[in-house]
Amino acid sequence: MLLGLGVAAALLPVLVPDQPYAVQVLTLSLCSVVPAVGLNLLFGYTGLVSLGHMGFAGVGAYAAALLMKQAGWGFLPALVAGAGMAGIVGLLVGIPCLRLRSHFFIIVTLAVGLILGTLFNNLDWLTGGAEGLPGVPRPRPLLIGELRIVLGTAVGFYWMAVAVTVAAFVVQWAVVRSPFGKSLAAIRQDEAMAAARGVNVFAHKLAVFALSAAIAGAGGALRACFLRVAAPSSFDLGESINLVAVVILGGAGFQAGPAVGSLVFVALPEVLRVASQARLMVFGALLVVMALYSPRGLLGAAVALRRRMRRADAV
Amino acid sequence: MAFLEQALNGLMMGSIYALFAVGMVLVFGVMRVLNFAHGVIFMAGGYMCHAVMTHVVAFYPLALLLSAAGGAVIGAVLERLVFRRLRESLPMQIVASLGLILMVQNGVLLLFGPEAVQISVPAMRTVVPLGPLGVTLQQVLIVVVVGVAMAGLHLFLTRSRLGTAMRAASQDLQAARVVGINPDRVFALTFALASGLAALGGALLGPLFLVFPAMGDLPLLKGLTAIVLGGMGSVGGAVLGGLAIGVLEAESTLLAPTDYRDLVVFAVLILVLLVRPYGLFGRRLRGEP
Amino acid sequence: MLFEVAGISKRFGGTVAVDGASFAVREAGIVGLIGPNGAGKTTLFDIICGRQRADAGEVRFEGRRVDGLMPHRLARLGFARSFQECRVLAEETCLDNLLFAAQEKRLWRELLGIVVPPRRAREKARALLAMAGLSRFENVLAGDLSFGQRRLVEIVSALVTEPRVLLLDEPASGVNPTLLGTLHDVLAETVPQMGVLLLLIEHNMEFVMSLAGRVVVMHQGAVLADGTPELVQADARVIDAYLG
């Protein structure tokens with residue numbers, strides 16, 4: 001399923017050329033798919049809720065923007081450095097916070113998201129305050145031998161975004177299948193039992209928290225580069241909450257969940273061509289219905305439906 | 001001088017936070033539900049107060065009572081339709097709350113537009129001389145009404161049969177059921193009571209800071225901070241937490257730019273939890289350091 | 001000395017739960033830990049498993065002090081346990097429960113990919129599931145099993161880690177007679193073969209007495225009697241403690 005989505009995403013501009021608006025919208029949604037993958041690892045697989053995750057994306061965005069603007073770094077190194085920076089901040093935040101009980105932890109992540117947002121907005125000398133850091137340069141063309149891949153154009157950047165997103169999904173896939181991922185799943189299902197089996201719960205939580213923050217940071221860097229500005233409004237509390245909604249909408253704990261969630265989150269407004277308030281009301285109602293009837297999101301509902309149909313076939 | 005003035009301001013905002021936090025902690029204690037949509041009930045209180053004042057009768061005390069009653073009804077409905085079924089799952093409580101916030105805030109935007117509305121009350125125009133400081137009657141009114149509501153809540157919880165049932169349910173639901181307490185009724189009552197208090201808070205703050213769709217967001221964040229500081233389970237802790245946050249953020253403006261006010265509050269929260277991971281008034285669980 | 005509990009005491013507020021309990025085990029085998037309700041067995045068990053800290057006394061394993069260690073550190077020393085309420089990974093299949101138990105859990109090794117060869121782990125897991133009569137349920141989610149079956153999965157998951165010390169907290173409670181027979185046979189066969197010390201807290205006397213080579217009786221927080229099942233059953237003080 002993921003492979004298909006990836007190939008389809010990469011081929012889209014070729015199959016349906018001259019759709020600049022669609023390419024814009026899709027690129028922007030990829031910018032939120034990447035942090036959603038990070039949150040999915042944390043929430044869907046490990047069972048830790050973070051309500052301030054876009055704060056880490058912001059750290060990645062600002063770090064990458066500064067490196068590209070001030071130090072003249074290329075896009076990819078800046079993206080990696082931004083992710084690393086977000087991972088380090090995640091580590092520093094996780095050390096005190098991950099020892100807390102679950103309810104306390106959730107509210108502290110909210111506080112962390114707010115603190116980071118306040119800093120983005122007010123540390124004018126570093127982050128440019130409310131205006132953010134404009135003028136992030138377009139990525140330079142990539143040279144592989146004789147091959148020159150232009151990344152500056154809309155379609156070129158779209159392909160770049162697809163590549164980064166695919167990389168995030170590959171990381172998720174590798175983690176979930178690895179022994180590390182199995183330990184995370186055990187922590188989600190029963191922490192005391194995982195510990196009795198030899199899992200150092202705190203160290204594992206810390207590792208996945210930092211990894212998840214780093215992936216979010218990569219997504220933030222991608223967004224900053226696409227919008228050519230690192231602005232606080234992209235990384236505020238509302239965005240963090242939307243991210244949680246995206247992950248749960250798609251299906252937390254499903255590998256394709258973040259992609260499905262973001263796609264619906266972005267596509268729904270395009271389908272429902274009504275006033276934005278009415279649209280958001282519909283979306284809110286959808287979330288309530290989902291909380292009540294399908295806690296595992298759209299993919300969870302699909303799996304349940306398929307199982308029921310198969311059972312009906314058997315009878 | 002400035003210190004005293006900010007202390008008074010802080011006390012006023014802190015009593016609003018306390019009113020808000022008490023409702024959240026009651027619901028959490030009895031039902032194990034964290035209702036992030038508590039803020040939109042607060043906001044609804046402001047709008048209900050405005051509606052009563054402009055369309056029914058411009059008598060503020062009556063508008064306060066009606067808003068609180070309206071909030072209680074909304075709360076009872078939400079409990080019955082949504083939260084009663086989500087008692088087991090914290091993430092789904094958050095999702096449902098998000099959905100409710102989106103629905104209500106955008107519904108209000110559609111109905112009343114994005115502009116803030118004003119509630120005009122005489123108490124805003126009356127200045128009470130308090131030594132060298134002058135505060136509006138509305139600010140005094142807020143502290144007094146919250147004080148009366150808290151005292152009433154305390155009496156209700158300790159003296160009345162229903163209040164005792166609520167406390168019993170929060171301590172041990174299984175045991176409460178055995179002695180003949182109907183948990184569903186207690187849940188509905190708790191939610192209604194908490195929501196009534198939140199709506200009352202919105203109606204109290206409305207004349208001071210205008211009424212707008214996002215007016216419940218900050219009280220929500222501060223209320224959450226207050227109940228965590230208080231240890232997530234203690235009503236008294238939530239009240240003290242709310243008051244402390246109000247005073248802290250008001251005094252912080254003397255030392256740092258106003259933009260950093262919220263940052264100071266949340267940084268203090270994290271520092272407190274570093275020292276006491278179970279909050280100021282919380283008890284440690286078995287196996288906790 | 002393989003395993004030693006020396007003068008463990010623990011009080012909660014005013015009540016003394018464990019009051020200077022001591023016993024020592026020289027070699028691997030099955031040791032039953034019994035006693036009337038409130039004798040302090042579960043508290044002592046929690047202390048041995050690292051869930052609580054003792055107020056006084058020590059627990060030693062091969063001469064090394066192990067009380068106060070975090071549960072995951074104990075697990076790495078070769079301790080495995082079951083929970084009174086029975087805990088399995090409900091969302092995983094039976095086989096995956098065992099494979100998870102057998103896998104490497106040190107974070108660095110997990111991240112670097114240094115793991116137990118999957119084929120060997122799989123063979124071992126299959127063999128244990130077969131012994132427990134659960135082969136049919138290999139690919140069934142553990143959460144869909146009956147309580148007794150889950151109990152078996154929990155215990156064979158502990159066995160698949162090849163522990164040095166296995167701590168079972170009332171494994172027989174809530175298990176139907178047929179499955180209890182299976183559980184009995186699994187333990188009677190694997191424990192001597194693996195050379196593991198099994199410490200068994202149990203209320204089902206028949207189950208303990210038929211398995212254990214030695215029984216430690218606790219009463220009011222201290223060890224009242226200690227010896228072979230026959231000796232203990234004949235001890236007048238033990239009979240008094242249970243009746244009084």
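Mentor: Please bear in mind that the model is predicted. We may begin with chain C, whose domain assignment gives domain 1 (1–78 + 163–244) and domain 2 (88–162).

Trainee: How many residues does the contact take from domain 1 and from domain 2 of chain C?

Mentor: The contact takes 13 residues from domain 1 of chain C and 14 residues from domain 2 of chain C. On the domain 1 side, strand S7 (165–169) and helix H7 (177–194) of chain C each supply at least two residues. H7(C) gives the most to that side, with 6 residues. By class, the side of domain 1 of chain C that touches domain 2 has 9 nonpolar, 4 polar and no charged residues. The C-alpha centres of the two domains of chain C lie 25 Å apart.

Trainee: Which residues have the most contacts inside the largest nonpolar core, and how many residues does that core have?

Mentor: The largest nonpolar core has 288 residues, and those with the most contacts inside it are A:Ala64, C:Leu98 and C:Leu200. Domain 1 and domain 2 of chain C both give residues to this core, so it lies between them.

Trainee: What is A:Ala64 in contact with, leaving aside its neighbours within four places in sequence?

Mentor: The partners of A:Ala64 include A:Ala78, A:Leu79, A:Ala221 and A:Cys225. A contact requires C-beta atoms within 7 Å.

Trainee: What makes the sheet of chain C open, with edges?

Mentor: The 6 strands run in the order S6-S7-S8-S3-S9-S10 (chain C), with mixed pairing. Strand S6 (79–81) and strand S10 (222–227) of chain C each have a single partner strand, so one side of each is left without a neighbour in the sheet. Neighbouring strands of this sheet are turned by 20° against each other on average, direction ignored.

Trainee: How do you know that S6(C) and S7(C) pair?

Mentor: Pairing requires at least two bridges. S6(C) and S7(C) have 3 bridges, in the parallel sense, and therefore meet the requirement. In S7(C), C:Leu166 is the bridge partner of C:Ala80.

Trainee: Why is C:Lys124 called partly exposed?

Mentor: A buried residue has 20 or more other C-beta atoms within 10 Å, and an exposed one has 12 or fewer. C:Lys124 has 18, so it is partly exposed. C:Lys124 lies in helix H5 (residues 118–131) of chain C and touches C:Ala102 and C:Val160, not counting residues up to four places away in sequence.

Trainee: Are A:Arg228 and C:Gln220 buried, exposed or partly exposed, and on what count?

Mentor: With 13 other C-beta atoms within 10 Å, A:Arg228 is partly exposed. C:Gln220 has 15 C-beta neighbours inside 10 Å, and so counts as partly exposed.

Definitions and conventions
Residues are numbered from 1 along each chain as its sequence is written. Chains are lettered from A and ligands numbered from 1 in the order in which they are written. This is a predicted model: local features need pLDDT of at least 70, side-chain atom pairs count only at pLDDT 80 or more; totals for chains, interfaces and linings use all residues. A nonpolar core is a set of buried Ala, Val, Leu, Ile, Met, Phe, Trp, Tyr and Cys residues joined through C-beta atoms within 7 Å. Domain bounds come from an automatic or database domain assignment. Two residues are in contact if their C-beta atoms, placed from the backbone, lie within 7 Å. Helices (H or I, at least four residues) and strands (E, at least two) are DSSP runs, numbered from the N terminus. Ala, Val, Leu, Ile, Met, Phe, Trp, Tyr, Cys and Pro count as nonpolar, Asp, Glu, Lys and Arg as charged, and the others, Gly among them, as polar. Axes are lines fitted to C-alpha atoms, for helices over the stretch in contact, and angles run from 0 to 180 degrees between N-to-C directions.
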